[in-house]
Amino acid sequence: MPAGAPRVFVSHLAGVAVFDPNGDQVGRVRDVVAMLRLAGRPPRVLGLVVEVVGRRRIFLPMTRVTGVESGQVITTGVLNMRRFEQRPTETLVLGELLDRTVHLVETGEPVTVLDVAMTQLPARREWEIDKVFVRRGKTGALRRRGEALTVDWSAVTGFSLEEQGQGAENLLATFEQLRPADLANVLHHLSAKRRGEVAAALDDERLADVLEELPDDDQVEILGKLKEERAADVLEAMDPDDAADLLSELPEPDKERLLDLMRPRDAADMRRLMSYEEGSAGGLMTTEPIVLRPDATIADALARVRNQDLTPALAAQVYVCRPPDQTPTGRYLGTIHFQRLLRDPPFTLVGASVDTDLPTLPPDTPLPVIAGHLAIYNLLAAPVVDETGSLLGAVTVDDVLDHLLPSDWRERELYAGMALPEAADGR
């Protein structure tokens with residue numbers, strides 16, 4: 001592990017307060033959710049079980065945790081209030097791993113697990129359990145004897161999944177390292193029953209990424225097998241334009257029920273996207289580009305661009321607008337491209353670096369014109385602006401390609417026969 005990477009012993013998180021970015025407490029940590037993996041590899045930490053008002057326990061993904069330090073957990077402020085339900089591939093660390101008897105690999109000696117430590121992977125928001133604090137000899141309420149020591153996860157056995165069986169958890173562990181497009185290819189060629197089992201076991205963000213890469217029929221089939229509350233959560237985790245496309249494939253009653261279960265702002269974005277003609281700039285755009293006010297600095301812009309959840313196309317430029325800075329925004333002022341952000345001093349205001357000459361796209365712009373616009377100006381994304389001058393969103397080159405290719409391109413022989421990368425032991 002690189003020097004300086006944070007490590008936290010899980011027992012120290014029990015009961016720790018969880019705060020939003022404004023400093024308001026939203027709950028307390030009650031457990032840590034992890035996924036065991038094959039071949040003795042360290043488990044991946046999926047998230048935290050947080051108890052909120054009313055003693056309701058919810059799931060907080062680690063991707064929404066911005067800090068674990070000084071006896072507190074800081075979140076992005078976005079909480080899903082659906083009650084936590086443990087899935088077959090998930091393990092509760094405090095509830096299921098501690099006080100467990102395992103064996104040291106080197107000697108075969110039985111030891112008792114007193115604690116485990118999780119560490120954040122470099123330059124990522126992912127965490128894994130890499131250390132185990134164990135005690136040799138017997139332990140109990142009235143006796144504590146034997147040497148206590150901290151060892152690597154790989155130094156003990158008795159935790160990891162068995163390398164046999166065809167359950168969904170083993171399949172997921174085997175293909176964990178696959179990119180979403182490659183895992184989608186795997187799912188597409190599974191039986192409908194197994195496809196449903198694997199989809200149900202994936203966490204919301206991972207399933208959202210995979211759904212975006214599947215043919216329409218598979219998307220509708222998988223979404224239809226999920227509980228409606230979870231289906232709404234997965235739609236919220238998808239890119240808005242992809243979620244709107246999927247919703248438009250559903251029968252009207254199903255679509256309305258899911259929209260009613262979504263957060264009001266997300267549902268409003270979905271309805272707005274579905275109001276535009278299919279294949280137009282409005283229908284293809286995402287409603288979540290990077291938007292900054294003119295008094296923000298280049299340093300602020302670079303911090304936003306570094307967000308690992310952004311696609312390369314969306315991270316290639318920043319849009320400068322008058323308040324409000326959520327779409328539809330105030331008056332659109334212009335674009336700053338990533339290269340300009342690297343050239344200008346960090347303290348420079350973005351309003352002074354903005355490119356005002358780049359043409360914008362009206363929401364009714366047809367697909368061929370959008371493709372030509374991106375090609376002419378060598379862009380990865382282009383702003384969509386209405387007649388009042390408000391930024392509505394941005395069209396990215398990947399969505400344009402998706403609609404220019406034949407409708408069955410995902411199922412063509414080249415894609416279906418693509419060699420899948422092997423699951424790597426390291427990250």
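## Leucine 292 and its sheet

Leucine 292 sits opposite valine 320 of β15 in this predicted model. The partner, β15, covers residues 317–321. The two strands run parallel and are joined over 2 bridges.

In general, strands of a sheet pair through backbone hydrogen bonds, parallel or antiparallel.

## Helices α4 and α6

Helix α4 covers residues 192–201, and helix α6 covers residues 216–225. They pack at an angle of about 65°. Their axes lie 10 Å apart. The crossing of α4 past α6 is right-handed.

Which residues of α4 meet α6? Ala192, Lys193, Arg195, Gly196 and Ala199 do. On the α6 side, the contact residues are Asp218, Glu221, Ile222 and Lys225. By class, the residues of this contact are 5 charged, 3 nonpolar and 1 polar.

## Confidence

The average pLDDT of the protein is 85. A score of at least 70 is reached by 87% of the residues.

Residues 413–427 have a pLDDT below 50. In the model, this stretch has 29 contacts beyond near neighbours in sequence. Where pLDDT is low, predicted coordinates should not be read in detail.

Key. Residues numbered from 1 in each chain as written. Predicted model: local features only at pLDDT ≥ 70, side-chain atom pairs only at ≥ 80, totals over all residues. Heavy atoms only, no water. Pairing = 2+ DSSP bridges. Helix = DSSP H or I, 4+ residues; strand = E, 2+ residues; numbered from the N terminus. Axes fitted to C-alpha atoms, helices over the stretch in contact; angles between N-to-C directions. Left-handed = near helix turned anticlockwise from the far one by under 90°. Contact = heavy atoms within 4.5 Å. Nonpolar A, V, L, I, M, F, W, Y, C, P; charged D, E, K, R; others polar. pLDDT = per-residue confidence, 0-100.
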